[in-house]
Amino acid sequence: MKEMTLEAVAQAVKGTYTGPEERKESELSSITIDSRQVEKDGLFVAIKGARVDGNTFIPGAYEDGALCCMSTEPPKDETKPYIQVESCEQALKDMAELYRAGLTIPVIGITGSVGKTTTKEMIAAVLSQKYDTLKTLGNFNNEIGLPLTIFRIREHHQAAVLEMGISDFGEMTRLAKVAKPDICVITNIGQCHLENLGTRDGILKAKTEIFTYLKPEGKAVLNGNDDKLCTLDQDERISATVFYGLLDGGKLDQTKEGAKLSVYAQNCESLGLAGSRFMLHTPKGEISVPAPGRHMISNALAAAAVGCELGLSLEQIKAGIESYEPVGGHGHIIQADDMTIMDDCYNANPVSMKAGIDVLSEVEGSRTVAIMGDMFELGDEEAQMHYEVGQYAARKGISLIISIGSLAQNYEKGIEEISRTGGYAGRHLYFADLDAFLETGIREIRKGDAVLVKASHAMHFEKIVKVLQEQ
């Protein structure tokens with residue numbers, strides 16, 4: 001980690017260094033909060049959590065080759081390099097900001113209510129056709145995960161794609177101060193974290209904090225189909241704005257909301273679970289592109305827009321989109337013993353839930369089953385939002401709708417309303433919790449079914465996916 005000496009780090013985190021003076025100029029090889037990942041000459045940051053106290057692992061970290069340890073507690077052995085700080089969490093951000101300042105590669109920051117992870121994966125797949133690209137792994141997109149991701153950037157990397165997730169005001173400002181993106185991508189402004197952010201306007205305000213630390217020459221890549229994002233072309237924090245979107249009629253250079261599209265899709269053809277095909281239009285020309293699913297086209301367009309900005313050819317962009325592979329819990333299609341499972345259980349909100357239902361409804365030749373759990377952090381309108389999703393699933397004609405959870409009772413109310421008017425002829429079942437479903441309801445799923453499994457992450461629907469795979 002170039003220029004990350006113990007002295008520079010201690011100054012950046014406003015910490016107190018103890019230990020041999022001659023070691024101050026030693027450069028760190030890595031930074032971790034996991035004692036199992038300590039590397040020779042690395043820094044171990046001992047975070048004290050609710051269940052695990054990192055300070056208990058400090059002696060072992062030294063034994064495993066750590067050059068230095070960092071903690072809020074005073075050192076027990078002043079003969080070894082040690083940095084005491086007021087807050088380890090803040091120190092991580094301060095160190096990441098220091099390290100980011102020495103990087104010259106393009107950094108792409110991605111946020112939005114829906115599709116952050118998929119868009120991150122697609123952008124990384126596209127950029128990897130030309131550049132050695134680092135991307136956020138798993139859910140390392142918060143105020144601890146983002147710094148740890150930045151620490152993984154090495155000299156051989158030529159681009160970094162960073163996912164940035166928030167749930168309250170101010171968080172994005174702190175993340176952006178660390179990441180200082182060259183390109184900001186916002187996928188959409190949906191109905192997530194309304195408990196803290198109140199309204200979609202509140203979400204827009206919180207998400208666009210990412211522009212606060214956008215590089216002076218940086219660009220914003222925005223979904224022009226989003227009624228909130230399409231108004232941001234005059235934001236003085238952005239030097240240039242690139243809009244992408246699906247074009248459905250109207251003028252060739254704009255959506256019905258008015259955003260001028262630089263990258264857009266036309267002639268979209270759904271192929272069901274096999275994916276989709278569309279004509280990709282860019283400033284570099286146009287090309288026919290296969291995509292993993294119609295609801296994924298918008299994410300593919302964001303990747304194409306970033307690829308164009310960073311000098312990739314149309315053929316490289318196409319190859320990148322084609323090489324995209326869904327990660328578990330994010331629209332991952334699993335074929336298991338004559339059963340098709342749509343593993344989309346990492347997170348859920350009304351927009352993403354309806355998108356999943358759309359894909360399921362296009363499946364032909366199989367009984368369609370939607371297993372839908374609670375959607376959290378939706379604020380005062382959570383009951384109504386569940387009710388509307390239930391109605392939506394019924395109108396789409398899903399063969400069997402299974403609702404699980406306390407909030408999911410509102411799915412049932414919506415389904416029953418459509419059923420009363422003759423708009424739904426399928427079956428629907430309700431279970432109070434996951435255990436109740438796994439005990440008896442799982443038997444309702446049979447070979448040949450196409451099954452959507454979707455809920456907020458805290459519902460732990462990954463257990464359903466595992467059981468279905470093992471049936």
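Analyst: Strand β2 and strand β3 (residues 43-45) run parallel and are joined by 2 bridges. Strands here are DSSP runs (E, at least two residues) and helices are DSSP runs (H or I, at least four residues), both numbered from the N terminus; two strands pair if DSSP finds at least two bridges between them. Ile31 has Leu43 in β3 as its bridge partner. Both strands belong to an open sheet of 5 strands with mixed pairing, in the order β1-β5-β4-β3-β2. Its edge strands, β1 (16-18) and β2 (31-32), each pair on one side only.

This is a predicted model, in which local features need pLDDT of at least 70 and side-chain atom pairs count only at pLDDT 80 or more, while totals for chains, interfaces and linings use all residues. Residues are numbered from 1 along each chain as its sequence is written, and side-chain values use heavy atoms, with hydrogens and water left out.

Another set of parallel pairings involves strand β10 (residues 219-223). Strand β9 (residues 183-186) runs parallel to β10 and is joined to it by 4 bridges, with Ile186 opposite Leu222. Strand β11 (residues 240-246) is also parallel to β10, through 5 bridges, and here Lys219 stands opposite Ala240. Of the 5 residues in β10, 4 are buried, where buried means under 20% relative accessible area, exposed over 50%, and partly exposed in between (1.4 Å probe, protein chains only). In a regular strand the side chains alternate between the two faces of the sheet.

The loop between β10 and β11 holds Glu236. Glu236 counts as exposed because its relative accessibility is 79%.

Glu171 is a different case of a charged residue. Glu171 lies in helix α6 (residues 171-179). Glu171 is buried yet has no salt bridge, and the nearest side chain of opposite charge, Arg174, is 5.1 Å away. A salt bridge needs a side-chain nitrogen of Lys or Arg within 4 Å of a carboxyl oxygen of Asp or Glu; Lys and Arg count as positive, Asp and Glu as negative, and His and the chain ends are not counted. Leaving out residues up to four places away in sequence, Glu171 touches Glu143, Gly165, Ile166 and Glu209, contact being heavy atoms within 4.5 Å.

Two lysines sit over aromatic rings. The charged end of Lys80 is 5.7 Å from the ring centre of Tyr62, and Lys205 lies over the face of Phe169 at 5.8 Å from the ring centre. The criterion is NZ of Lys or CZ of Arg within 6 Å of the ring centre and within 35 degrees of the ring normal.

For ring against ring, the count is 1 aromatic pair. Phe431 and Phe437 form it edge-to-face, at 5.5 Å centre to centre and 75 degrees between the planes. Rings of Phe, Tyr and Trp (its six-membered ring) pair if their centres lie within 6.5 Å, and planes under 30 degrees apart count as stacked, over 60 as edge-to-face and the rest as tilted. Phe431 is buried at 13% relative accessible area, and Phe437 is buried at 0%.

Finally, helix α15 (residues 462-470) contains Val467. Val467 counts as partly exposed because its relative accessibility is 28%. Apart from neighbours within four places in sequence, Val467 is in contact with Leu438 and Ile442. The C-alpha atoms of Val467 and Ile442 are 8.4 Å apart, across 25 residues along the chain.
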